[in-house]
Amino acid sequence: MSKFGMARGLADLKEEIGSVPDFSVLAGGERVVVRKIPLSQIGANPDQPRKTFTESELADLAASIREKGVLQPILLRSVTGRPYMYEIIAGERRFRASKMAGLTEIPALVKNITPENAMEIALIENVQRENLNPIEEANAYKNIMEKCGYELGDVARLIGKSDSYIRNIMRLDGLSDNVKKLVEQGKISASHARTIAVAQDPEKLAQQIIDGHLSVSDTEKLVRATARKSTSRAYVNKSIDAETVRDIERRVSATLGCGVKLRERRGGAGQLVLSFSTRTQLNDLVEKLTK
């Protein structure tokens, strides 16, 4: 399957699932008709990125549906081997609210779409409407990469975000369930969570953030002073201790005859800074280094 199989038809789909579409829409050579589908024949998409639907949100929509009906058809695809005939691609919130409102059927568009394309559409719809919390978003990117064989850059192009945005969000997926729950509950922000994701004990740091009402800037300082997990790019297996640093500086200074400063950075990298006070000393230093 080629990547972004639905890209050509996204404009058509936006028209199809817009406010109130016509009862028949011609999309990509396929005639799509709005039909009333029994709710009992419809099932949720297991790859739906959005997992959280609040009762109050659904109750408000259910009240609107009781008064005005479902104004925007949901998008379905036919499936086999399931206890239902149709699977939701877009519109699960309307589906749930319709059940809550006591409806027995719902207006829907049924399209012949592959599981991979269905994942693309569901992801695009939720990201564009900002329906996902950060944890759901991170899991959605991981899911589509694993199941569709996408690279990070593929996902970035699919949803119109930068590579760094996707990479930063996906850091949240590596957190423990306890920390993820804190993010979903709004007890710590996604920015806090991304900052502590590289630490060896994010749960401990998350509690410190909550107890101390720490800002993201304060959290960054806290993380710099704590141990990193071995998978972090900033992880250093064994930092150079202060005495060793001074010894290296003394030895190099004695050999080269100049001031030396060793600066260790994240990931085992660093700088060895040589200083000189005269042009003559610089020439002597260059001569020694280039012999």
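In the predicted model, Arg250 has a relative accessible area of 47% and is therefore classed as partly exposed. Glu243 is likewise partly exposed, because its relative accessibility comes to 41%. A salt bridge joins Arg250 to Glu243, with 3.4 Å between the closest N and O atoms. Both residues belong to a network of salt bridges that also takes in Arg246, Asp247 and Arg251.

The total number of salt bridges is 12. Another of these pairs is formed by Arg77 and Glu87, whose closest N and O atoms lie 3.3 Å apart. Arg77 and Glu87 are both buried.

A further salt bridge connects Asp173 with Lys142, and here the closest N and O atoms are 3.2 Å apart. Distant parts of the chain are linked by this pair: Asp173 sits in the loop between helix 7 (163-170) and helix 8 (177-184), whereas Lys142 sits in helix 5 (residues 134-148), at a separation of 31 residues. Asp173 counts as buried because its relative accessible area, 15%, falls under the 20% limit. Lys142, by contrast, has a relative accessibility of 32% and so counts as partly exposed.

Helix 5 also takes part in lining the largest cavity, to which it gives the most residues, namely 3. The structure holds 1 cavity of 30 Å³ or more. The volume of the largest cavity is about 40 Å³. Its lining consists of Asp47, Pro49, Met119, Leu123, Ala140, Asn143 and Ile144. Two elements, helix 4 (115-128) and helix 5, each give two or more residues to this lining. Sorted by class, the lining residues of the largest cavity are 5 nonpolar, 1 polar and 1 charged.

Ala97 is located in helix 3 (residues 92-100). With a relative accessibility of 0%, Ala97 is classed as buried, because the limit for that class is under 20%. When neighbours within four places in sequence are left aside, the contacts of Ala97 are with Leu58, Leu61, Ala62 and Ile65. The C-alpha atoms of Ala97 and Glu55 are 9.4 Å apart in space, while the two residues are separated by 42 residues in sequence.

The mean pLDDT of the chain is 81, and a value of 70 or more is reached by 83% of its residues. Over residues 6-29 the pLDDT remains under 50. For this stretch, residues 6-29, the model has 43 contacts beyond four places in sequence.

Note on methods: Residues numbered from 1 in each chain as written. Predicted model: local features only at pLDDT ≥ 70, side-chain atom pairs only at ≥ 80, totals over all residues. Heavy atoms only, no water. Helix = DSSP H or I, 4+ residues; strand = E, 2+ residues; numbered from the N terminus. Buried < 20%, exposed > 50% of the residue type's maximum accessible area, 1.4 Å probe, protein only. Contact = heavy atoms within 4.5 Å. pLDDT = per-residue confidence, 0-100. Salt bridge = Lys/Arg side-chain N within 4 Å of Asp/Glu carboxyl O. 1 Å grid on protein atoms, 1.4 Å probe; cavity = no way out; pocket = protein on both sides within 12 Å on 5 of 7 lines; lining within 4 Å. Points joined across faces, edges and corners; volume = space filled by probe spheres on them. Nonpolar A, V, L, I, M, F, W, Y, C, P; charged D, E, K, R; others polar.
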